[in-house]
Amino acid sequence: MKIINRIALILNIIGGINWGLIGLFKFDLVAWIFGGQDAVLSRIIYVLVGIAAVWCISLLFRPRELND
């Protein structure tokens, strides 16, 4: 489970940085790297970040012993 939590955290960091760039500079780094927002790889990254965010919601409600 620890590896899934770590992957989810990394994906959320990527998503947060991307949203920060969009908000500050109107620059979508994921789309730029993978060929636009409609590119298959971009959409896969967006979906993975979304799934990771949902996974991290579950971390809020777990007992601390399970998160360590």
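This is a short talk on one predicted model, going from its helices to its core and then to its surface.

Okay, some ground rules before we start. The model is predicted, so local features need pLDDT of at least 70 and side-chain atom pairs count only at pLDDT 80 or more, while totals for chains, interfaces and linings use all residues. Residues are numbered from 1 along each chain as its sequence is written, and side-chain values use heavy atoms, with hydrogens and water left out.

Let's start with helix 1. When I say helix, I mean a DSSP run of H or I with at least four residues, numbered from the N terminus (strands are E runs of at least two). Helix 1 covers 2–25. How far apart should its ends be? The expected span is 1.5 Å times one less than the number of residues. For the 24 residues of helix 1 that comes to 34 Å, and the end C-alpha atoms are 34 Å apart, so the two agree.

Now, which residues of helix 1 are buried? They are Asn5, Ala8, Leu11, Gly15 and Asn18. Buried here means under 20% relative accessible area, exposed means over 50%, and partly exposed is in between, with a 1.4 Å probe and protein chains only. Look at the numbering of those five and keep this in mind: an α-helix has 3.6 residues a turn, so residues three or four places apart point the same way. And what do these buried residues pack against? Helix 2 and helix 3, the latter being 40–60. Contact, by the way, means heavy atoms within 4.5 Å.

Take Asn5 as an example. Asparagine 5 sits in helix 1 and counts as buried because its relative accessible area is 13%. Leaving aside neighbours within four places in sequence, asparagine 5 is in contact with Trp55, Leu59 and Arg62.

Next, the core. A nonpolar core is a set of buried Ala, Val, Leu, Ile, Met, Phe, Trp, Tyr and Cys residues joined through side-chain atoms within 4.5 Å. The largest one here has eight residues: Ala8, Leu11, Val30, Ile45, Val49, Ala52, Cys56 and Leu59. Helix 1 and helix 3 each supply at least two residues of this core, and helix 3 gives the most, with five. Cysteine 56, for instance, is in contact with Ala8, Leu9 and Asn12, again leaving aside neighbours within four places in sequence.

On to the loops. Between helix 1 and helix 2 (29–34) you'll find lysine 26. Is lysine 26 buried or exposed? Exposed, because its relative accessibility is 79%. Most residues other than glycine have a negative phi, and lysine 26 is a residue other than glycine with a positive value.

The loop between helix 2 and helix 3 holds glycine 36. Glycine 36 counts as partly exposed, because its relative accessibility is 23%. Apart from residues up to four places away in sequence, glycine 36 touches Ala31 and Ser42. Serine 42 lies in helix 3 and is buried, because its relative accessibility is 0%. Beyond residues up to four places away, serine 42 touches Val30, Ala31, Phe34, Gly35, Gly36 and Gln37.

Finally, the outside. In soluble globular proteins, nonpolar side chains tend to be buried together. This model also has a nonpolar patch on the surface: Leu24, Phe25, Phe27, Trp32, Ile33, Phe34, Val40, Leu41, Ile44, Val47, Leu48 and Ile51, with about 1300 Å² of accessible area together. Patches are made of residues with over 30% relative accessible area and no salt bridge; like charges are joined within 9 Å, and nonpolar side chains (Val, Leu, Ile, Met, Phe, Trp, Tyr) within 5 Å. The areas come from the Shrake-Rupley method with a 1.4 Å probe, and for residues only the protein chains shown count as cover. A salt bridge is a side-chain nitrogen of Lys or Arg within 4 Å of a carboxyl oxygen of Asp or Glu.

Which helix gives the largest share of the nonpolar patch? Helix 3, with six residues, though helix 1, helix 2 and helix 3 each supply at least two. One member, phenylalanine 25, lies in helix 1 and counts as exposed because its relative accessibility is 60%.
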